[in-house]
Amino acid sequence: MSREHVGHGDIVRFADARVNLKRDDAGELRAQANRLRDKLETYLKEHPEFGLKRMLLSGSLAKGTALKSISDIDVACYVASDSAPHAIGELIEWLAKRLETAFANFKPSQITRKTYSVSVQFIGTGNEVDIVPILYSGDPQWRGDLISQDTGEQLMTSVPMHLDFIRKRKAAAPQHFAQMVRLIKFWAGLRKREDEGFRFKSFMIELILAYLADRGIALNDYPEAMQSFFTFLATDQLGSVIAFTDYYPAGTCVPTSDPVRIWDPVNCENNVAKLYDTANRDRIVEAALDAGDAIDSALRAMSKSDTVRYWQKVFGPSFDV
Ligand SMILES: Nc1ncnc2c1ncn2[C@@H]1O[C@H](COP(=O)(O)OP(=O)(O)OP(=O)(O)O)[C@@H](O)[C@H]1O
Ligand SMILES: [Mg+2]
């Protein structure tokens, strides 16, 4: 492959400038979430029967896969399953009231009831912490029923185990796993902006990359790793069952006729891609074909301006070297 005009180092520089959330900014956002957590813990010491058990940073800030365009801070809140209501509307109201009590110095206007979560807004920074309830019955590995932010249904899973799963993949490919996640998420974000019907959930991107990395795909050269990712999507067409043996034995996932099957590493009855129909799948495959073609062309182009133009088909007009 020709790297004369745009190579691995250029993608690294682009990622630093345009894609990645800066380390300091990530630190600040994490600190803000942790202050809420500490506040809750202090309150719980005096009110152990309060029904809230634990707050935990989840999502991309916890996994180290956040983009510069991050919009809110994801936090999971473990609530005692036997004291919280289970109907979603009542659960959100119940959680909001408890957060208002535990965070007494917050104005009521800073705490907002959303459809499937409660958000807490910081006045100074404007940052929003999105607090997602997990109904919890005491599992030592913190399995519980996570409220899906897409549908409001209960998904049995474990956020700490997800963090551990991603941590293992990051340890196997330091820097590169998280960077590839961010590059593909950035690509998917551009596709979402130009096509309302395009969906590609971040967690699905992470799981597909983990699946490929586990099978030996090299992540240390970004043009090649991007090409490997897109080639997989274009050839496999998301037909393979994607599952992991970290926390359950191989072959235990329930058979399903869902068009895309990407099993939660923690629960082989939870298809993370359950909401993706054949049209959603086909759009991902088509976009991957386009991206793969563009990278092929970029690697063959004779001039620098042509090469950059092809990479812009993948990374948008802000791509430059
Ligand atoms: N369908 C699901 N089943 C189980 N857990 C889920 C599911 N959807 C989300 N989660 C949990 O929520 C976390 C965050 O979800 P998601 O990957 O969609 O967002 P993110 O990593 O915060 O990315 P973004 O940068 O897009 O906000 C996941 O790491 C996982 O722990
Ligand atoms: Mg998030």
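A polar contact is a pair of N or O atoms within 3.5 Å. I needed that cut-off before looking at Ser-202, where a polar side-chain atom lies 2.6 Å from an oxygen atom of ligand 1. The model I am reading is predicted.

**Entry 1: the ligand site**

I looked up how much of ligand 1 the protein covers. On its own, ligand 1 has 620 Å² of accessible area, and the protein covers 79% of this. I then checked where the ligand sits, and ligand 1 is in the largest pocket.

Next I listed the surroundings. There are 14 residues around ligand 1, and Lys-63, Asp-74, His-162, Lys-185 and Ser-202 come nearest. I sorted the shell by class and noted 3 nonpolar, 6 polar and 5 charged residues.

**Entry 2: polar atoms facing the ligand**

I went back to the distances. For Lys-63, an N or O atom of the side chain is 2.6 Å from an oxygen atom of ligand 1. For His-162, I found a polar side-chain atom 2.6 Å from an oxygen atom of the ligand. Both pairs count as polar contacts because the cut-off is 3.5 Å.

**Entry 3: which elements build the shell**

Which elements each supply at least two residues of the shell around ligand 1? I noted helix H3 (59-63), strand S7 (154-157) and helix H7 (202-214). Of the elements, H3 gives the most to this shell, with 3 residues.

Glu-206 is placed in helix H7.

Is Glu-206 buried or exposed? I looked up its relative accessibility, which is 0%, so Glu-206 counts as buried. The cut-off for buried is under 20%.

**Entry 4: two positive phi values**

I then looked for backbone angles worth a note. Most residues other than glycine have a negative phi. Gln-175 has a phi near 65 degrees, a positive value in a residue other than glycine. I placed Gln-175 in the loop between helix H5 (159-172) and helix H6 (176-194). Its relative accessibility is 67%, so Gln-175 counts as exposed.

Gln-237 also has a positive phi, near 55 degrees. I found Gln-237 in the loop between helix H8 (222-236) and helix H9 (278-300). Here the relative accessibility is 46%, so Gln-237 counts as partly exposed. Exposed would need over 50%.

I turned to helix H4 (residues 88-102), where Glu-93 has its place. Glu-93 counts as partly exposed because its relative accessibility is 28%. I took the C-alpha separation from Glu-93 to Gly-144, which is 19 Å, with the two residues 51 apart along the chain.

Ser-83 is in the loop between strand S2 (73-80) and H4. At 40% relative accessibility, Ser-83 counts as partly exposed. From Ser-83 to Trp-94 I noted 10.0 Å, C-alpha to C-alpha, for 11 residues in sequence.

Terms used
Residues are numbered from 1 along each chain as its sequence is written. Chains are lettered from A and ligands numbered from 1 in the order in which they are written. This is a predicted model: local features need pLDDT of at least 70, side-chain atom pairs count only at pLDDT 80 or more; totals for chains, interfaces and linings use all residues. Side-chain values use heavy atoms; hydrogens and water are left out. A residue is near a molecule or strand if one of its heavy atoms lies within 4 Å of it. A polar contact is a pair of N or O atoms within 3.5 Å; within protein, one must be able to donate a hydrogen and the other to accept it, and residues adjacent in sequence count only if both atoms are side-chain atoms. Accessible areas come from the Shrake-Rupley method with a 1.4 Å probe; for residues, only the protein chains shown count as cover. On a 1 Å grid over the protein atoms alone, a cavity is a set of points where a 1.4 Å probe fits but cannot get out, and a pocket is an open set with protein on both sides within 12 Å along at least five of seven lines; lining residues have an atom within 4 Å of a point. A molecule sits in a cavity or pocket if more than half of its atoms lie within 2 Å of its grid points. Helices (H or I, at least four residues) and strands (E, at least two) are DSSP runs, numbered from the N terminus. Ala, Val, Leu, Ile, Met, Phe, Trp, Tyr, Cys and Pro count as nonpolar, Asp, Glu, Lys and Arg as charged, and the others, Gly among them, as polar. Buried means under 20% relative accessible area, exposed over 50%, partly exposed in between (1.4 Å probe, protein chains only).
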